[in-house]
Amino acid sequence: MSAAVAGLGTPGAAGELTPYLIETGAQGALRRFARNRLAVLGAVIVACVVFAALCGPWLAPYDPINGDILERHQGFSRAHPLGTDFLGRDQLSRLLHGARASFFAALAVTVAVITIATVVGVTAGYCGGAVDAALMRMVDMILAFPSLILSLALIGFLGPGLDKALVAMTLASWAGFARIIRGQVLAVRGRSFIEVAECAGGTPLGIILRHVLPNVSSTIVVLATLDIGGNILALAGLSFLGLGLRPPAPEWGRMLFDAKPYLDRQPLEMFVPGLAIAITVLGFNLLGDGLRDALDPSGEAV
Amino acid sequence: MTRLLLDNVGKTFRAGFLFGRHKTEAVRDVTLEVRSGETVGILGESGSGKSTLVRLAAFLLRPTTGSVTLDGVDPWRLAASARRQLRRRLQVVFQEGSDGLDPRQSVAEAVGEPLVNFGTPAKERAALVADALQEVGLTPELAGRYPFQLSGGQRQRVGVARALVLQPELVMLDEPVSALDVSVAAQVLNLLADLQERRGVGYLLITHELPVVRYLADRVAVMFAGRVVEAGPAGEVLTRPAHPYTAAMRAAALTVDPGAGLPALPAVAPPAAHGCPYASRCPAVMPRCRVETPPPFEVGSGRTTRCFLFESAGVRAEPTSHTPAALAT
Amino acid sequence: MALLEVRHLTTVFRTPFGAVRACDDVSFDVAPGEVLGIVGESGSGKTLTALSVLGLVPPPGRIEAGSIRFAGEELVGTPEARLRRLRGRDIGMVFQDAGRALDPVHTIASQLREAAGKRADVAALLGRVGLDGRLASRYPHELSGGQRQRAMIAIAIARTPRLVIADEPTTAVDSISQVQVLHELARIQRELGCALIVISHNLGLISRLADRVLVMYLGRVMEQNAVRPFVAGPRHPYARALLAATPALDLDRRTGRLAGIRGLPARMIEVPPGCPFHPRCPDAEARCSVEVPAWRAHADGSGAACHLLDAPAPLPSPVTPGQAQGERFAPAPPAAEIADGTLP
């Protein structure tokens with residue numbers, strides 16, 4: 001956070017000088033973001049991952065599925081910059097193809113989670129009363145189980161496969177976000193401009209679309225960014241357990257799983273996908289934190 | 001002549017769930033009338049129930065007891081869509097700084113929103129918004145600005161423009177100048193007075209500042225602990241208070257007077273739970289005040305006060321009359 | 001000798017929008033046991049004047065010029081440790097909104113002990129501001145607005161300071177609690193014999209409490225004088241307009257209008273050249289927009305910064321001393337420019 005904002009902790013000074021110390025609006029947010037080096041690093045990492053996900057198949061030097069069995073367990077070399085796996089498949093090619101699976105699957109889960117969470121959170125927060133109580137009890141029930149355990153249970157019920165894993169992950173993780181969004185909506189609901197909008201003849205749906213959603217949108221963006229990283233990790237975890245993408249399709253978690261038996265002989269094989277996952281998740285988290293600071297300089301939200 | 005009538009209105013809030021349930025009576029037995037063309041002031045401290053009252057009067061809260069009617073129509077007996085139509089005639093301006101403006105809406109969007117809601121075609125809208133901005137003394141360049149780019153006085157004018165754009169008959173003003181600088185507050189008060197003269201709009205003015213009520217209001221109701229303790233013509237009630245609380249409010253006003261020193265030390269205590277709520281602070285408290293709640297007594301021309309000191313002097317006013325003596329002009 | 005001597009204090013914030021001069025060449029004295037009122041509207045720099053004295057100017061603000069001497073000791077450039085000691089012992093600060101300035105997770109007693117030392121008699125300290133000692137075990141949110149403000153005063157005076165600075169001490173409380181808080185402040189000032197700086201936008205409050213008044217506008221001092229002659233005959237047009245815009249108790253719009261000051265309060269980021277008040281001044285002349293008016297001092301220590309004071313006389317619409325206090329502003333001065341509420 002910039003030095004300009006730090007002084008706001010002093011009571012009294014804030015009132016007279018806030019307009020000069022905090023830049024508001026889109027430009028101010030952009031400038032704050034640009035000044036935050038870690039956030040920019042996160043944005044760069046995320047941009048690389050997205051680029052790999054979109055263009056990976058064209059960048060990959062080898063076929064990710066059919067390797068040369070004679071070339072297996074190779075270390076880093078000119079021919080195979082990141083080595084080969086136990087079937088002699090090029091690790092770099094599998095990583096690039098895998099980026100696509102990991103990123104788009106995680107994105108799909110995030111979109112689904114945020115949509116469900118926004119609908120439930122906004123409904124509960126805006127309507128209040130019995131509707132709120134009913135929805136939040138449901139959320140409480142879901143939150144009572146650890147989300148990985150819940151995903152595993154749901155996969156056990158739905159059966160294996162990537163599509164089913166995604167559904168299970170969505171169902172297991174929307175509740176926490178719904179609770180956070182509800183809290184934000186409650187805060188917006190209590191502000192006078194909502195009453196003013198009611199006086200102006202606004203219908204509940206109109207007020208939600210025109211006033212409530214725009215005012216919680218920065219929270220939603222930040223949550224979504226942080227969630228993508230988490231989902232990449234969770235998906236890798238499920239694949240590692242053999243519950244995600246079926247072999248031989250390339251996927252980062254599966255690459256970890258495949259490399260595990262050879263950890264003592266060829267540790268680099270596990271190191272490559274592991275580092276890719278770690279850096280990607282870190283990138284999304286840095287970006288999310290940066291967005292939060294940039295969009296909400298006063299630190300009120302999230 | 002539009003007439004908003006609050007008839008014996010009460011509002012109780014319930015809090016807590018299963019255990020530790022309790023209720024708060026924010027407003028009790030308030031009878032009040034506002035007509036177009038006049039200003040009724042509500043004077044009270046925080047916790048007196050005045051902000052609940054403005055929400056009851058604007059159909060934002062449903063009364064627990066009694067009724068709120070606009071020209072005889074009870075909005076709470078109407079379907080939600082019909083109640084929405086009634087809103088056209090009655091608008092609210094909230095305190096500046098209480099974020100009555102959505103930070104993500106431009107001035108033009110904010111002022112035009114009521115028109116959108118009531119289906120004014122886009123072509124006419126721009127002209128009506130421009131007129132409304134002009135009427136409150138804002139220049140057209142400001143239309144594209146966002147609230148954070150405006151000064152406090154400008155934001156309050158946007159709030160007024162937005163409330164007026166539908167040509168309402170009544171406007172509720174909730175602490176319209178408390179958060180403004182002295183010089184700007186004077187501008188806004190004069191603007192409100194001018195608008196009333198030009199448009200014949202009626203105001204329900206809620207504030208804790210006695211000089212503001214005195215300046216704008218024709219009639220006043222002084223609230224303490226959710227009740228109207230004194231009511232009548234503003235000039236008389238505020239210059240010659242009957243109720244000890246009104247007198248204390250007047251004494252506490254800090255006018256520019258270097259010779260006078262500070263006003264006498266007032267009594268500060270939470271309202272009494274039984275009997276007259278002011279008994280806990282009243283300098284003239286009598287034993288019966290702690291037991292009985294005083295009804296409104298008539299004290300002279302169109303004035304009532306809820307104080308036993310005036311029982312012998314006054315006539316007991318009819319508490320449930322539909323045109324309360326104290327507030328009918 | 002004055003207890004506090006502020007000379008040519010200039011506090012500047014270097015922001016991405018340019019330099020904001022929150023205090024620009026501010027000079028004043030506070031004698032021991034004296035009550036000085038600083039009056040001004042939002043953005044006048046009154047709060048930052050106080051924070052400068054306390055050495056609490058938030059970054060990126062910095063005192064760039066001038067001197068602040070407290071009991072003969074120069075405070076500008078003094079190490080932070082020394083300033084902290086002075087703030088704890090010799091200068092007490094009462095902030096605007098006790099609801100926010102008190103820490104919600106600590107009891108009143110623990111916050112008092114933090115200020116006054118571990119063995120302090122908490123009940124006695126609360127007694128000094130008229131609060132029941134039993135309130136000590138409460139948390140800030142369990143007190144009323146007036147009680148919180150008084151608890152805050154108790155903390156500020158815990159070490160019997162020689163100077164207390166109260167910044168808008170009553171804006172967050174009701175009119176009746178306000179009088180009570182002011183009574184406590186005045187009583188403490190008398191009993192401790194300390195000097196007091198009261199900062200407020202409310203001229204009524206200042207006129208009742210202060211011995212002397214300092215009027216600020218956009219970081220500059222416009223006028224300073226003892227309270228009685230100031231109210232009877234303000235010299236600066238801004239001071240005059242501010243007095244005229246303050247509502248009297250019995251002013252009725254049907255019989256007399258309030259006089260608003262035309263135009264918008266300028267923002268510190270765009271201080272007009274010349275006299276900062278000239279765009280809103282009803283009496284502005286050509287030179288007012290070019291030349292910064294020099295300080296015109298009088299022998300009695302009062303003074304004002306206005307070009308018009310050079311002219312021999314007559315001052316525009318001075319208030320005649322014979323007028324009764326309550327009627328001073330009714331009817332409003334005939335000057336149409338200042339009575340008009342419209343914006344430029």
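Among contacts in chain A between residues at least 6 apart in sequence, 67% join residues at least 24 apart. Two residues are in contact if their C-beta atoms, placed from the backbone, lie within 7 Å. This is a predicted model: local features need pLDDT of at least 70, side-chain atom pairs count only at pLDDT 80 or more, and totals for chains, interfaces and linings use all residues. Residues are numbered from 1 along each chain as its sequence is written, and chains are lettered from A and ligands numbered from 1 in the order in which they are written.

**Confidence**

- The model has an ipTM of 0.81 and a pTM of 0.78.
- Chain C has an average pLDDT of 82, and 89% of its residues score at least 70. The pLDDT is the predictor's confidence in each residue, from 0 to 100.
- In chain C, residues 313–344 have a pLDDT below 50. Beyond near neighbours in sequence, this stretch has 55 contacts in the model.
- Where pLDDT is low, the predicted coordinates should not be read in detail.

**Chain A and its helix α5**

- Chain A has 12 helices and zero strands. Helices (H or I, at least four residues) and strands (E, at least two) are DSSP runs, numbered from the N terminus.
- Of the 302 residues in chain A, 47% count as buried. A residue is buried if 20 or more other C-beta atoms lie within 10 Å of its own, exposed if 12 or fewer, and partly exposed in between; C-beta atoms are placed from the backbone.
- Helix α5 of chain A covers residues 91–127, which is 37 residues. From first C-alpha to last, α5(A) reaches 52 Å, close to the 54 Å expected at 1.5 Å a residue. The expected span is 1.5 Å times one less than the number of residues.
- A kink of about 25 degrees is centred on A:Gly98 in α5(A). The bend at a residue is the angle between axes fitted to the seven residues ending there and the seven starting there.
- α5(A) is mostly covered, with 26 of its 37 residues buried.
- A:Gly128 follows α5(A) and has a positive phi, near 65 degrees.

**Helix α1 of chain B**

- Eight of the eight residues of α1(B), residues 50–57, are buried, so this helix is largely enclosed by the rest of the structure.
- Among the buried residues are B:Lys50, B:Arg55 and B:Leu56.
- B:Phe59 follows α1(B), with a positive phi near 60 degrees.

**Strand β9 of chain C**

- Six of the six residues of β9(C), residues 212–217, are buried, so the strand is largely enclosed by the rest of the structure.
- C:Arg212, C:Leu214 and C:Met216 point one way, while C:Val213, C:Val215 and C:Tyr217 point the other way.
- β9(C) pairs with β3(C), residues 35–39, in the parallel sense over four bridges. Two strands pair if DSSP finds at least two bridges between them.
- C:Val213 in β9(C) is the bridge partner of C:Gly37.
- β9(C) also runs antiparallel to β10(C), residues 220–226, joined by six bridges. Here C:Val215 stands opposite C:Glu223.
- β9(C) and β10(C) form a hairpin with two residues between them. In the turn, C:Leu218 has a positive phi of about 50 degrees.

**Where chains B and C touch**

- The contact takes 41 residues from chain B and 48 residues from chain C.
- On the side of chain B that touches chain C, α6(B) gives the most, with nine residues.
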